[in-house]
Amino acid sequence: MSRILLVALRDYRERVRSRGFIVTILIVPIMIVASVGVPMLLDRAAGPTYFALFDLPERWSEQLQDMINADEDVKDNLKIETTAPKSDAERQSMLEDLRNRVRTEKLYGIVAAETLEGGDRTASITTRTSGTNDGLRWLRRNLPTLVRVDRAGRLGLDPDQTRELYAPVDIKPYILSLADGKSKEASDTDRLAAFAPMIFTYLLWLTTFTLVQQLLMSTLEEKTNRTIEVILSSVSPMEFMAGKVTAGVLEGLTILAAWLGTLWLFAGYLSQHYLKGIDLTILFANKANLVFFSMYFALGFILFASMTVGLGSLCSTIRETQGLMTPVMVLMVVPILAMSFVGENPNSPIAVVMSYIPFFTPFLMMNRIAATPPPHWIEIVLATSVLLGAIFASVWAGAKLFRIGVLMYGKPPKIGEVIRLLRSPQSKTM
Amino acid sequence: MNAVEIRAVTKRFGDFVAVNDISLNVPAGSIYGILGPNGAGKTTTIRMICGIFGPDRGSVQVLGAPSALSVRNRVGYLPEEKGLYKKMTALDLLTYFGGLKGVAPAEARRRGKALMERYGLGEHVNKKAEAMSKGMHQKLQLLVTVLHEPELLILDEPFSGLDPVNHDTMRDLILDQRRAGRTILFSTHNMESAEKMCDHVCLFNRGQKVLDGTMSGVKANHSGGVILEYDGDAGFLQELPEVDRVNDSTRYAEVFLKDSIPPHALLKKAMERLTIRRFEISQPSLHEIFVRTVKEAP
């Protein structure tokens with residue numbers, strides 16, 4: 001069996017058996033499931049939100065109830081009760097009572113009518129906190145319609161016409177198919193699919209970033225516990241580095257497969273049981289995206305891993321690596337900052353130029369490929385070719401630094417010295 | 001035939017010359033000791049022999065090949081700083097390193113078990129390296145080095161840090177390898193170990209070779225001292241005109257006489273002032289030869 005494969009399999013086995021790997025595999029699905037599932041569970045456990053309509057004109061209360069009944073999204077979650085005091089004394093005590101109920105959380109809020117100077121009427125909402133409750137948001141959105149209709153009546157306009165004038169307007173979104181040029185109404189699922197580029201890019205970045213850090217730690221550990229010297233009498237530094245990077249690629253693909261598999265199952269479950277008419281699995285529908293995803297992960301990882309192993313081998317502690325690794329980390333962060341823009345403008349000049357810069361290519365090309373419209377295949381080939389060239393250079397430089405650095409102890413070199421090391425003639429036997 | 005041939009090798013690290021124009025031959029089937037104090041260039045020379053890095057000048061030939069890397073399956077190397085993967089079991093470690101040396105997994109496991117049994121680690125085959133004592137760790141490291149039955153065994157400071165029991169195990173293991181016809185090259189700054197085991201020695205100091213040859217040849221070329229075991233105060237010995245130098249340890253002294261002074265001249269004067277329990281004309285120890293050679297070096 002090839003020595004590279006032996007090194008890779010040993011590294012891979014050790015990593016996938018570690019607690020860190022299990023945590024990494026579980027953390028992303030747990031975070032996503034928790035971020036979606038916990039609010040849903042909490043909403044369900046919280047039950048409906050109650051508001052009291054205090055001394056509101058009778059027709060406002062009726063219209064509000066009609067509007068709530070007509071809205072499927074809130075009719076089960078937003079409950080209103082009408083209170084109409086008959087005298088000023090009753091009015092005062094009733095208001096005090098309602099306020100007490102808000103304070104003791106038996107009521108979420110009080111909706112009351114207010115008369116402004118000039119006789120114009122409006123509504124006020126009193127709550128315990130200025131929170132983000134769905135019912136509160138709905139009232140803030142819809143109460144103005146009642147006020148406007150009321151105002152129209154006082155101005156002598158026809159209330160029914162005014163109500164119609166302010167009725168919600170449904171602007172229909174259409175999307176144009178790139179395949180046949182026909183347009184179709186965009187569904188919630190289609191709107192969701194627009195997030196696919198960002199999701200793919202973020203997962204790609206997160207995996208690469210995490211595993212590059214792990215590889216750095218593992219290289220330092222092997223150097224400091226001196227295992228490396230035993231190994232280097234059996235394998236060449238190049239073989240050893242290739243084995244370690246291969247193990248990282250295998251580990252990354254395992255993690256990504258686990259993440260995507262879990263998310264796909266969760267998306268399917270959520271779509272089937274909780275989301276009416278929204279198919280979350282659309283995010284994973286394009287198989288070509290998965291192929292490009294795997295390919296760009298492997299290429300991106302090799303690019304950054306070879307630089308990391310080379311630079312990391314010159315140091316003996318994680319603290320020492322900080323100075324040398326900072327430029328690499330900065331390069332890795334840029335695609336995340338550009339991710340949203342590139343996803344929405346995949347063929348803009350900035351997106352195109354950035355995706356040809358090898359350090360950004362794995363992330364931004366994936367971003368563009370998952371977006372609509374994707375880049376022409378010639379662009380994919382060209383950008384990937386430039387990336388392959390950069391990988392070749394990175395592996396060469398990483399291997400050279402690794403050969404020199406792996407048995408070097410003491411103060412790590414500075415960036416200038418690293419450049420001098422790269423320019424120095426090749427060692428004779430390696 | 002030589003297992004290792006080094007010709008005019010020089011290695012620098014920046015401005016520091018670690019090894020300067022060294023040549024040596026390690027005869028096949030011998031135990032060859034590279035001796036010298038810390039910083040003499042022993043480890044650098046061994047790393048060049050192993051192909052871990054190359055010389056700046058000169059050439060290294062190992063088992064007839066221009067680099068140990070091209071015959072790595074025939075060479076076993078135990079570095080001075082020993083490290084193993086802590087999370088792996090002893091048997092998995094032997095299998096893994098055996099695999100890197102071209103031994104098939106099943107065969108590596110079979111040999112690994114047999115070696116562990118033979119050298120007292122039979123109960124620990126499935127123990128993780130991190131759970132082993134330092135002594136067991138060192139033994140295991142040596143077993144890793146010999147599992148693939150190398151023709152040439154290169155050991156850098158194999159006795160460093162060993163307790164007496166593990167020291168003897170290490171010595172036995174080295175002698176077993178020698179009996180199996182293998183060439184053993186080891187470095188040490190412990191002259192006593194080298195003196196007892198080596199057929200050939202090479203002394204390094206400050207990156208330069210100061211002496212080499214067979215053990216008997218080296219000793220024959222250096223006159224010995226006189227060993228005295230005594231009771232009394234031997235401080236006067238150093239003042240005697242016949243005496244060149246004394247290594248005095250209160251009741252034991254190694255006395256080196258000036259050229260052409262017969263030992264009995266010393267005995268006569270010593271008996272006048274000391275109670276002599278032992279008087280022996282000795283060959284010089286390797287330690288003494290080394291000290292003398294270094295002092296005489298320009």
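Student: How many helices and strands does chain A have?
Tutor: Remember that we're reading a predicted model here. For chain A, the secondary structure comes to 16 helices and 6 strands.

Student: What radius of gyration does chain A have, next to that of a compact globule?
Tutor: Start with the box: the C-alpha atoms of chain A fill roughly 100 × 55 × 40 Å along the principal axes. A compact globule of 430 residues would come out near 22 Å, but chain A has 31 Å.

Student: And what share of chain A is buried?
Tutor: Contacts first: counting those with a separation of 6 or more in chain A, 72% are between residues 24 or more positions apart. As for burial, buried residues among the 430 of chain A make up 34%.

Student: In what order do the strands of the open sheet in chain A sit?
Tutor: There are 4 strands in this open sheet of chain A, with mixed pairing. β2 (78-83) and β4 (121-127) of chain A each have a single partner strand, so they stand at the edges with one side left without a neighbour in the sheet. From one strand to the next, the twist averages 25°. The order is β2-β1-β3-β4.

Student: Which element gives the largest share of the side of chain A that touches chain B?
Tutor: Between the chains, 20 residues of chain A are in contact with 22 residues of chain B. On the chain A side, the elements giving two or more residues are α1 (3-16) and α9 (227-231). That side divides into 7 nonpolar, 7 polar and 6 charged residues. The largest share, 4 residues, comes from α1(A).

Student: Over to chain B: how far apart are the centres of its domain 1 and domain 2?
Tutor: Chain B has 9 helices and 13 strands, and its C-alpha atoms fill a box of roughly 70 × 45 × 35 Å. It is divided into domain 1 (2-219) and domain 2 (225-282). Taken over C-alpha atoms, the centres of the two domains in chain B are separated by 40 Å.

Student: What share of chain B is buried?
Tutor: In chain B, residues 24 or more positions apart account for 68% of the contacts with a separation of 6 or more. Of the 298 residues in chain B, the buried ones make up 43%.

Student: How many residues of helix α1 in chain B are buried?
Tutor: This helix covers residues 42-50 of chain B, and its buried residues include B:Lys42, B:Arg47 and B:Cys50.

Student: Is B:Leu115 buried or exposed?
Tutor: B:Leu115 lies in α3 (residues 105-118) of chain B. Beyond four places in sequence, B:Leu115 touches B:Leu143 and B:Leu147. A residue needs 20 or more other C-beta atoms within 10 Å to count as buried. B:Leu115 has 20, so it is buried.

Student: And how does B:Met88 count?
Tutor: B:Met88 sits in the loop between β5 (75-78) and α2 (90-100) of chain B. Leaving aside neighbours within four places in sequence, B:Met88 is in contact with B:Leu93, B:Tyr96, B:Lys128 and B:Ala129. Because B:Met88 has 19 C-beta neighbours inside 10 Å, it counts as partly exposed.

Definitions and conventions:
Residues are numbered from 1 along each chain as its sequence is written. Chains are lettered from A and ligands numbered from 1 in the order in which they are written. This is a predicted model: local features need pLDDT of at least 70, side-chain atom pairs count only at pLDDT 80 or more; totals for chains, interfaces and linings use all residues. Two strands pair if DSSP finds at least two bridges between them. Axes are lines fitted to C-alpha atoms, for helices over the stretch in contact, and angles run from 0 to 180 degrees between N-to-C directions. A residue is buried if 20 or more other C-beta atoms lie within 10 Å of its own, exposed if 12 or fewer, and partly exposed in between; C-beta atoms are placed from the backbone. Two residues are in contact if their C-beta atoms, placed from the backbone, lie within 7 Å. Domain bounds come from an automatic or database domain assignment. Ala, Val, Leu, Ile, Met, Phe, Trp, Tyr, Cys and Pro count as nonpolar, Asp, Glu, Lys and Arg as charged, and the others, Gly among them, as polar. The radius of gyration is taken over C-alpha atoms; the globule rule is 2.2 Å times the number of residues to the power 0.38.
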